[in-house]
Every structure is written in structure tokens, then in C-alpha cells.
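Here's a quick tour for anyone meeting this structure for the first time. Have a look at the sequence and the 3D view, and then we'll go through it topic by topic.

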Amino acid sequence: MARNLFGGTASDVAEDLSGARVPSVSGTVWDGPSGTQVTDLLDSIGAPITTVTADVNGMLPEFQGPDNGAERLWLDFGAGARVAIVSANLGDRFGAHLSTSDPHGSLAGALGELEAQKGSANGLATLDALGLVPAAQIPAIAQAPQMVDWINVKAPAYGALGNGTTDDTVAIRAAISAAGIGGTVYFPKGVYRISGTLDLPRGVTLMGSHSNLMVGPGMADEDFPCYIQAAPSFTTGAMIQIIGDNDGTHPAINGEQRIFNLMLDGSKVTTGSLDGIYAKGNVQNVVLRDVCVRKVPNNGIITGSNAGGEWPYSWRLHSVMVDNCKANGIFFERQTDLSLIDCQVIGAGATGFKLVNCANTLLIGCRAEWTGTYGFHLTGDWGNWPGSGAATMSACSTDRCGWDGVRVDATGNGPFLINSLMTRRDGRNGGPGGGGYSGLALRNQAPVIASGVTCYVGTDDAGTANTSPQYGVRISGARDVQIDNAYLHGLTEGLYDDGTNQRVTLGSITSVTGNNFSENRVAIGLGWVNVKGHGAKGDGFTDDTAALQAAVNAAAAAKTTVYLPTGTYLVSAPVTLPAGQGYALVGSGWGASVKLKGGSNCYIFKMTAADTRIIMRDLTIDGNCLEQGTAGSSGGVDASGAVACRFDNVHFIACRDDAIYLGGMAGGAYGHNNRVIGCLFDESMTSLGPGRGIHMNSSDENQIIGCDFEFLGGSAGATFETAVCILDRAGTQFIDSCNFVGGATNNTKGVRIQDASSTKVIGCNFDGTAGDSVFIAGTGNSVTGCTIFSPGEVGSLTGQVAGIHLEFGTKNNLISGNSLASSPTNGKTRSLIREEAMGDAGPNLITGNVFITKGTLTVAPSEIAGAGTIFTNNLGA
């Protein structure tokens, strides 16, 4: 072949990587950017050369390429990259080609040649009026084409009928035997009934025409005839088996089977222990893709060991469905290096995916639904040998599984990684829910790292059965657990830690309790201190005082949050709340209860009368007044020294003296600016103490907003201190939008302002208080926009109770814009507004109120006795 000319043009230069010319440099020649060096070169006068050298200006001289007609070469001048060079005479040769004569003579001649081939056999086909090629133009072939290595089970040599009634076992076995390694056994559309196991040798592929992933509502079996079906008499063994065992029949090492696009149907077998697919022993690298195993009376897919203790491994399952099999869906043991991708188990009688010591397993996009027990169960000893590992679950989901959606109770050293798990309505427990089940249950001894987990509650699709699961995530007897970026919703608790765990780390978590309409959300932050991590049991029997104190001390030091999961935490001595700021006590909801042990006669929580600034929310504080004596001071929170504290959504129940006592600091300074929001105070009428809700003494500028006070007031205490929902002895308080109910046992008042000023009672509702709804013995206070009805309706103070009672030394108080209605029972209410003259009372301003008389009043709608009081623009007075 002729050599082509290279170099000698203005563009042929030697350059470094920056583009600068390099003079007098020698370079090697190559046939590609990473190919072989070319040494068959000639210089411009025909002398052999093996390299090309640039002149003093960096220009490349002319040289001749190899004797193979190469059009392009690559030069390497040691700059770290090869540069392509194109032959210099390419243009000359292209011009010579264009100047040669057209072999067809002319365009018309070329078109004529094409026209002559139209419509002729073996020529150019034309189309008829219907757009089809006429039969005469189609060349005849000696025989129909065959698919290489594909064996059709319906071919005459094998004779399967696929009619749903004939036993095709022998025919299919013959086709499998004939396929050999690398062969494909093809199942055209049809129902292939078998009465015995199909034993797959090495390297054989079973290929169906279509895999029905399931037969759902409106889809009858006969509408989708494309599967292998077990005959009713086929009750034991497996529909397909793969054996790796030196048993005289099978190879010691088996594998490389493929099952594609195929459904195995066991719906006609009503008894027995027939499995869908069973593999035993050393069976490697099996792949299942678009496979369905449906309604077999035992396991869908299961593996076992041979006599030598070998197990199948390195399997790959893609888009595999196991539908309504009566035992486990997919049950693998010792399946190392397993991949399950887009696999689903629905309606399994036992566990959906049961994986026992399957080291280095990958589950992606898998789903378990309506299983009898667990959705996914990762269990057994996953080993601590050098080659062992755990599993990664990513983007998997569960729905309506009977027990836990995902349960991890494996041992071993390899970490389980759970990402983007979505559990929903698990823990069905046969319908009633409960049972301690959860979306994700962690009872692991191997490390577990969970991130992006969502758990959600609900009922069956038709709204039947109870709401489940009981817990979003339950951690019990586990160690080395990390959970972050999670939204956990459970009927009883979103996140439940029973205190039996080691090294549990919680990150950013939202915990929700209640049914699927609930918005009772609690944000659990990174670094929160779980009381159960400090030994609290929360079982209602164990004394958890020391554990709670340890947790509070740790949180206060770290300026973080103490978290109380659902449970009842008994305390027998005050849990001291250290002075300072930046920490909080947060429960999972009112199911997290701190209860005073009988006979303790103390406050549950106690501040140190120093400047204390904390938050307390989403829990119950139970003063257990029925089991306390009369000694000491007892109740919920002694908040002496509280400054800018916040009590939010706390249920205070059965507190003997005070649910919250807001007091001053040591040295006489006032506490101040605390917030009590959305709390419930109730059930202290049986108390042997005052049984108050909130007592403010040497603590002012507090806000009490949206709280509910019901059935309060004990039997003891000084006259002006006992049997009242809110007692204000400091003044300058803000009481807004609260509700006050009942208190019959000890004739409980609603709000008592005693020797205090500048307190505002705004927009509150007083429903049948047994004592005066609002009692004022102070100056400069206001009661505005409240609704008061049926004062004195209950209790023993018949005819002595007023809606608003201005008693001793009241001056400059504003009573305005209130609606007051007497009890409908005659003689129960004395008056609706009562002002006494004691203590040089008056003047006060009483204006714009509405008086509604229902039953007969003992005195009158209004009693005004203060000096200089202005009583004007009142309706019905």
C-alpha cells in the first residue's frame, strides 16, 4: 500500500502542554492515542527513520508514514499527551478522486439502474395499495428460522400442551435436559400443569412469555393463562429445585440458573407442604427476574444446606413477587452476597422476608404487605469473622403486616444500614392491634443505623380493625442503635425505648401519638437525654427518682432536653431542677407520666429558688393525692425562682397542695415572666391539702393561657388559700382564655386575687363553679370579656355564691364586657356581681356587662356597696 505524506505544513509543530513550541525535540510515532508505536517511517528523501525531530523553530519536517496507507498518526514529544497529525496529501488525493469519471456515467444512469431493480425478486421491494410487499417479491426460504439455543416446550420433540389439564411434567423435564449449559427453555402462552419437581441443572434458563405478578380483583385466573401450575396431587417437595450436593445425582457445585418472565402457581394445591422454589447446598449465582410464586401451601422461595453444611449464595432477585403463600414468602439462610431488588411479598401466612445470617445482603425497593407475622425479619448470628457483614435496606416499605413491619434481632459485628424505610399500619395483630408491635422493632445486638424512617398508623382499607401499630419504633434489649431524620407515629407512642438498651443515639426525630388524624407531634432533637438511658424503667413500680435526677443533671449540664418515653415513672423525693437555662423536660405525650409515690409528701419537681429558666411540656405530672398524708408540702412543681419558664401541654392531676407553685427567689427577688399554656389541671377534690391548680406568690408578670381547670380544690389550708383553681398573691398576672369547671366537694372558687393588683382576667369561661367564679380582694385588677354561668350550681354554699365578688378593700378595679347568667335552679346563686363595702372599698368601674337571671337569685343580679363605684351601661342588672 502507498505511504502517505505527513508534516511540512504550517500547522505541523511540536508543542508542550501550554501550547509553546519546542525546538529540536524528537518524538515517537504511534497508531493511536493509546496504541502501538510505529517505526516503519521514511524521511522526505526515503531514508528509514523511527522518530521525528522538530527543527530549531519547532516545525515538523516532511516524513512518510507506514506502508499501510494510514491517514492519521499520533506524536508523543514527552509532554504527557499524544497529539494527532493528519496526512498532508489528503487534499490532493480527494481532489483526484473527484476528477475521476462516475462509474454510472451520469445521475440518470444511476437512477435507471435502481428503477430496473424495483419489484423484481431479490431486488428492491415495492408496496401495493394496502402498503404491503407483494408475495411475488418475497424470496423463498428453505425452512423457518430457528431461535438458537432456545427450546420450545411445545415443540414436537418434547410435546408440552400447556392446556391446564394435561400433565406436562415429562415434556418439560425433557426440554430442560436437552437445553444444556447456556440453553433456554421457553414457555409460550399457556398453563403448564406439573405433578412433580422440575430439577434445574447448571446454566439453564427458564423463560416464560409473561409473568403475572399477581391476580387481583377483576382478574380471573383463566384470563391470564401463562404459568406453570402444580397439580392438586402435588403436595410435597418444590415446584422447582436446584441442588448443589455430591449426592450421586447432582453436582457438588451448582449454579448460574436463570428464571425469567415466569409464574409458578400453587392455587390448586390445598394441603401439604409444597414450596415454590427450593435450593439446597452450594448453589451459586442464580438470577430470578420478573418471577411470581403464587399460592403455594408452604414457602414461596426457600433455601437449605447440604450434608456438608454448604448453603446457596450470591443470588440476584429482581422484580420478584410472592403472592399469598401460606408460610414464609422468601426465606433465605446463610445467603451471603444476596441482592433483592424491587421484590414484594403479599399475604404470606408467616413472615414476608426472613433472612437468617445473610451477610452482605442488599435490599432495594422491596415491600412486605399483609403478612401474618413480620414483614421483614433480620435474625440469627450474622457472624464476626473477617468476611462477615450485615445488610443494607434502602427504600423498602411495609403495610398491614401482622406483627412488626421490620424486626431486627440479629447478632454480629457488621452494621445494619436502614435508609428511607416507610412502614404503614403494621402491628395489625389479627385486627385488634396492640401487642407491643411496631413499624420498626429493634432488638438487635448487631449495630443498626436508621435514617429517613417514616412510620404511620391506620386501620384496614375499609376502616375495619383497630388502629395500629402501637409504636412507630420500639427499641428493646438492643445495643448500638442510631436513629436520625425520622417521623415516627404510633398509637401509643412514636418512639418507645423500654430502658433495656445500650448506646442508643437519637438525632432529629418527630414522635407522634394517636390515630392517623392525630397531630400530637413532639420533636426529639439531636443529643436529647432519654431517661431510660439513665436507668429509668417507667413501669409504674420501680422507684425512678435517681434515674430521673441523673437524666436532668446531664441535660442541664449539656443544655439539652430530657426525654420521657411513654410510661409511669415513680418518684419518692423531689427531682431537683438545677438553676440556669437552656434545658427542657419533654414527654412523648400525656402517656409519659411522672407520679408521686404514696407517702412521699413532697413536690415531684423542685427548683432551687435561684434563677431557673426551663421548658416542660407534653407529659403528665401525677401528684397522687389520695396516697399522700398531710405532712410537708406536696404537689407537682415547686417553681420557686422560675424566670421565663414555660409549661406547655402538661396534664397536672391529683396534686395535694399545688400543681404549680410559682414563688420567689432566695433573697426576696420575685420570679417572673413564666408561661403556662394549654395545660389541664384536674382531680384534686379528694386532696387533704388545698388542691390548687396554680399558686402565684412572689412571682408576677406570668401568663396563663388556654388552660383547663376541672374538679379542683382540697379540704385543707388557710381560709383564703384553700379550694381555688388559681390563687394570685403577687399581682400583675395575665389569665386569658381559660376554662373553669365544678369543684363541688370543697366549694372551689375559680380565680382568687388576694391582696394583689394589676392582674387581668380576660376571655375566660366559668362553668358552674361551686364557689365564686372570680374573687378579688385587691386594687387595679380587671375582669373583661368573660362568660360566667351557673355560679353555685354545685357545692354546699347554696345562695352564697356570686359570679364576680369584690370583697375587702377593692379599689380601681374594672369589671367590663362580661356575660353573667345565674343558676337555673332557684336559690343557688346569690348575685352575679357582688361588691362589698368592707375595708373602705370603692371606687370601682362596673360597666357594659350583661346580667341574665335564670333561676331565682337569693339577693339580686347586682350588689353594689363600694364608695364612689360607677355602675353604668349594664344590661339586665
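Which residue is the bridge partner of alanine 441 in β40? That would be arginine 474. Keep in mind as you read on that this is a predicted model.

**Around strand β37**
- Strand β37 covers residues 438–442, and five of its five residues are buried, so the rest of the structure largely encloses it.
- β37 runs parallel to strand β40 (residues 471–475), and four bridges join the two.
- Strand β34 (residues 406–408) is also parallel to β37, with three bridges between them.
- In that pairing, valine 406 stands opposite leucine 440 of β37.
- As background, strands of a sheet pair through backbone hydrogen bonds, in either a parallel or an antiparallel way.

**A four-strand open sheet**
- Four strands make up an open sheet with antiparallel pairing, in the order β1-β7-β4-β5.
- Its edge strands are β1 (5–6) and β5 (48–49), each of which pairs on one side only.
- Two bridges join β1 to the antiparallel strand β7 (residues 63–64).
- Leucine 5 has glutamine 64 as its bridge partner in β7.

**Salt bridges**
- Searching the whole structure turns up 24 salt bridges.
- One of them brings together the side chains of arginine 258 and glutamate 256, at 2.9 Å from N to O.
- Both ends of that pair are partly exposed: arginine 258 has a relative accessible area of 22%, and glutamate 256 has 37%.
- Glutamate 369 bridges to arginine 367, where the closest N and O atoms are 3.2 Å apart.
- Here glutamate 369 counts as buried at 15% relative accessibility, while arginine 367 counts as partly exposed at 22%.
- Those two residues also belong to a network of salt bridges that links Arg367, Glu369, Asp399, Arg424, Arg425 and Asp461.
- Glutamate 863 is buried, with a relative accessible area of 14%.

**Cysteines**
- How many disulfides are there? The count comes to zero, going by sulfur atoms within 2.5 Å of each other.
- Take cysteine 707: its closest cysteine sulfur belongs to cysteine 679, and at 4.8 Å that is too far for a bond.
- Cysteine 707 counts as buried, at 2% relative accessibility.
- Cysteine 725 is another buried residue, at 3% relative accessibility.

**Glycine 540**
- Glycine 540 is part of strand β48 (residues 539–543).
- Is this glycine buried or partly exposed? Glycine 540 is partly exposed, with a relative accessible area of 26%.
- Leaving aside residues up to four places away in sequence, glycine 540 touches Thr568 and Leu570.
- Glycine 540 and leucine 570 are 30 residues apart in sequence, yet 6.0 Å apart in space from C-alpha to C-alpha.

**A nonpolar patch**
- Leu107, Leu111, Leu114 and Leu124 make a nonpolar surface patch of about 390 Å².
- Leucine 111, one of these, is found in helix α2 (residues 107–117).

Methods: Residues numbered from 1 in each chain as written. Predicted model: local features only at pLDDT ≥ 70, side-chain atom pairs only at ≥ 80, totals over all residues. Heavy atoms only, no water. Buried < 20%, exposed > 50% of the residue type's maximum accessible area, 1.4 Å probe, protein only. Contact = heavy atoms within 4.5 Å. Patch = residues over 30% accessible without salt bridge, like charges linked within 9 Å, V, L, I, M, F, W, Y side chains within 5 Å. Areas by Shrake-Rupley, 256 points an atom, 1.4 Å probe, with all protein chains shown as cover. Salt bridge = Lys/Arg side-chain N within 4 Å of Asp/Glu carboxyl O. Pairing = 2+ DSSP bridges.
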